[in-house]
Amino acid sequence: EPSVVWFRRDLRTADHPALLEAAERSPRALALFVLDDRLLKPSGKPRIEFLHRCLHALNDDLGGRLAVVHGDPAEVVPRVAREIGAGSVHISADFGPYGRKRDAAVEEALGDIELVRSGSPYAVAPGRVRKADGTPFKVFTPFRNAWLEHGWRQPAETDASTVDWMRFGGGTGIPAVREKLPDALALWEKFRDERLPDYDKTRDRPDLDATSRMSAFLRWGVLHPRTLLRDCEGTYRDELAWREFYADVLWHRPETARQNYDRKFDRMVHDDDLELFEAWKQGRTGFPIVDAGMRQLLREGFMHNRVRMIVASFLVKDLHLPWWWGARHFMEHLVDGDLASNQHNWQWVAGCGTDAAPFFRIFNPATQAKKFDPDGAYVRRYAPDSADLTPIVDHAVERRVALDRYQDVRT
Ligand code: FAD
């Protein structure tokens with residue numbers, strides 16, 4: 001009996017434990033990807049375009065044998081599996097709230113065809129690293145230490161030739177793309193050799209091309225974090241640990257995708273001015289570093305980490321809008337948009353997350369710009385006209401408002 005390898009957030013064939021497991025059961029397999037409206041509908045153009053590029057790259061790797069089918073996975077996966085007489089369906093486990101529900105529904109609909117989970121998008125699967133008393137970590141540093149101590153498996157030795165890929169007639173095909181996906185591994189190696197040694201010093205500078213830009217490849221599983229962890233330590237490894245930490249937090253507390261991790265922030269009073277929100281989204285606030293970041297997001301589906309913090313702080317503490325409004329806009333446009341990393345970084349900025357930045361430490365956009373974009377090159381690249389706009393709020397005034405509201409949360 002052949003098997004199905006159902007690809008989701010693992011769009012690669014190297015170091016692919018689910019592919020290895022499928023190959024061990026049967027020499028023949030069907031490679032399947034399901035275009036799921038639940039994930040596509042809330043996604044902006046750059047995000048969908050990137051997914052399509054990943055699918056083309058995977059399809060090329062598989063000699064043109066990737067079956068891409070549009071529909072509800074709970075209907076598509078069992079139908080395709082039965083059509084080819086598959087004995088099992090192989091996946092990398094998904095730990096997000098929607099992914100878990102979807103996989104449970106697919107498992108149920110598969111009946112006596114086994115759904116086999118092997119590997120995950122993380123070096124250590126969420127839920128694995130725990131305190132000595134079995135409870136989850138709530139603070140990053142002890143999590144990071146336990147995560148390092150736990151360690152991770154060796155890469156799985158797989159490539160496209162590990163199984164004989166079946167042809168499938170019933171797919172919808174992959175929409176055309178303008179550009180091919182670059183070789184993620186080559187980009188990583190270039191970053192590792194040229195930029196990683198200075199990463200500590202330059203990572204906060206949006207005007208320099210100093211970070212790895214690996215986030216989107218990690219999001220879609222084009223590379224597994226194990227590949228990067230092999231080559232790094234120190235600060236860069238810590239950044240990857242943050243990604244694992246937030247996945248762990250969301251796994252234990254799935255409701256924090258929508259709710260404050262720290263429930264005392266439920267008392268925070270928010271505004272709901274849609275005009276201010278729109279100005280923020282369009283990058284027309286009159287605060288140049290904020291506008292540059294928001295326009296980079298719209299143009300490229302990416303924003304530098306330091307600027308993500310600045311624009312998020314601005315939304316929450318200068319415009320007094322709920323963090324989840326901003327988080328939703330990010331998820332729509334970010335090519336690397338990942339529920340765990342996004343919602344929990346937003347909560348970190350908003351002061352209501354795990355080891356959150358203290359709420360009363362409020363970013364001043366002008367000071368931040370001076371420090372991290374000292375020559376104004378980043379602003380010039382994305383929002384050269386912003387300095388001519390009238391600022392939509394007075395930072396000093398809004399800072400006071402935010403601090404006053406915070407008093408009500410604290411007490
Ligand atoms: P590098 O500096 O090269 O970092 C290497 C890798 O480490 C990243 O690719 C990423 O996987 C991980 N990483 C780095 N910083 C963080 C962090 N703070 N939290 C979790 N992982 C981290 N990252 C996402 O991948 N998806 C998101 O949806 C996302 N939303 C964010 C929202 C806000 C408000 C903020 C402040 C940060 C968010 N981040 C998110 C984290 C971070 O901004 C991006 O991972 C980073 O900018 C990606 O660029 P890079 O790959 O060049 O990063």
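Q: When does a residue count as buried, partly exposed or exposed?
A: A residue is buried if 20 or more other C-beta atoms lie within 10 Å of its own, exposed if 12 or fewer do, and partly exposed in between, with the C-beta atoms placed from the backbone. This is a predicted model, in which local features need pLDDT of at least 70, side-chain atom pairs count only at pLDDT 80 or more, and totals for chains, interfaces and linings use all residues. Residues are numbered from 1 along each chain as its sequence is written. Asp15 counts as buried because it has 20 C-beta neighbours inside 10 Å, and of the 411 residues in the protein, buried ones make up 44%.

Q: What is the phi of Asp15, and where is its place?
A: Most residues other than glycine have a negative phi. Asp15, however, has a positive phi near 45° although it is not glycine, and its place is in the loop between S1 and H1. Arg213 also has a positive phi without being a glycine, at about 55°, and lies in the loop between helix H8 (199-202) and H9. Arg213 is partly exposed, because 16 other C-beta atoms lie within 10 Å.

Q: How many helices and strands are in the protein?
A: Helices (H or I, at least four residues) and strands (E, at least two) are DSSP runs, numbered from the N terminus. The protein holds 19 helices and six strands, and its C-alpha trace spans about 70 × 50 × 40 Å along the principal axes.

Q: Which are the buried residues of helix H1, and what do they pack against?
A: In helix H1 (residues 17-25) the buried residues are Pro17, Ala18, Leu19, Glu21, Ala22 and Ala23. They pack, through contacts (C-beta atoms, placed from the backbone, within 7 Å), against strand S1 (3-7), strand S2 (28-35), S4 and strand S5 (114-117).

Q: Which residues does Ser92 touch?
A: Leaving aside residues up to four places away in sequence, Ser92 touches Arg8, Arg9, Asp10, Pro17, Ala18, Ser118, Gly119, Ser120 and Pro121. Ser92 sits in the loop between strand S4 (88-91) and helix H5 (97-110), and it counts as buried because 22 other C-beta atoms lie within 10 Å. Ser92 and His16 are 76 residues apart in sequence, while their C-alpha atoms are 8.2 Å apart in space.

Q: How many residues has the largest nonpolar core?
A: A nonpolar core is a set of buried Ala, Val, Leu, Ile, Met, Phe, Trp, Tyr and Cys residues joined through C-beta atoms within 7 Å. Here the largest has 108 residues, and those with the most contacts inside it are Val4, Val5, Ala31, Leu32, Cys54 and Val89. Leu32 touches Val4, Val5, Trp6, Phe7, Ala67, Val69 and Val80, again not counting residues up to four places away in sequence.

Q: What does the domain assignment give, and which domains does the shell around the ligand draw on?
A: Domain bounds come from an automatic or database domain assignment, which here gives domain 1 (3-120), domain 2 (121-155 + 184-252) and domain 3 (255-410). The C-alpha centres of domain 2 and domain 3 lie 24 Å apart, and their contact takes 16 residues from domain 2 and 20 residues from domain 3. A residue is near a molecule if its C-beta atom, placed from the backbone, lies within 6 Å of it. Among the 27 residues around the ligand, Thr211, Ser212, Ser215, Asn342 and Asn345 come nearest, and two or more residues each come from H9, H11, helix H14 (305-318) and helix H16 (339-350). Domain 2 and domain 3 each give at least three residues to this shell.

Terms used
Contact = placed C-beta atoms within 7 Å.
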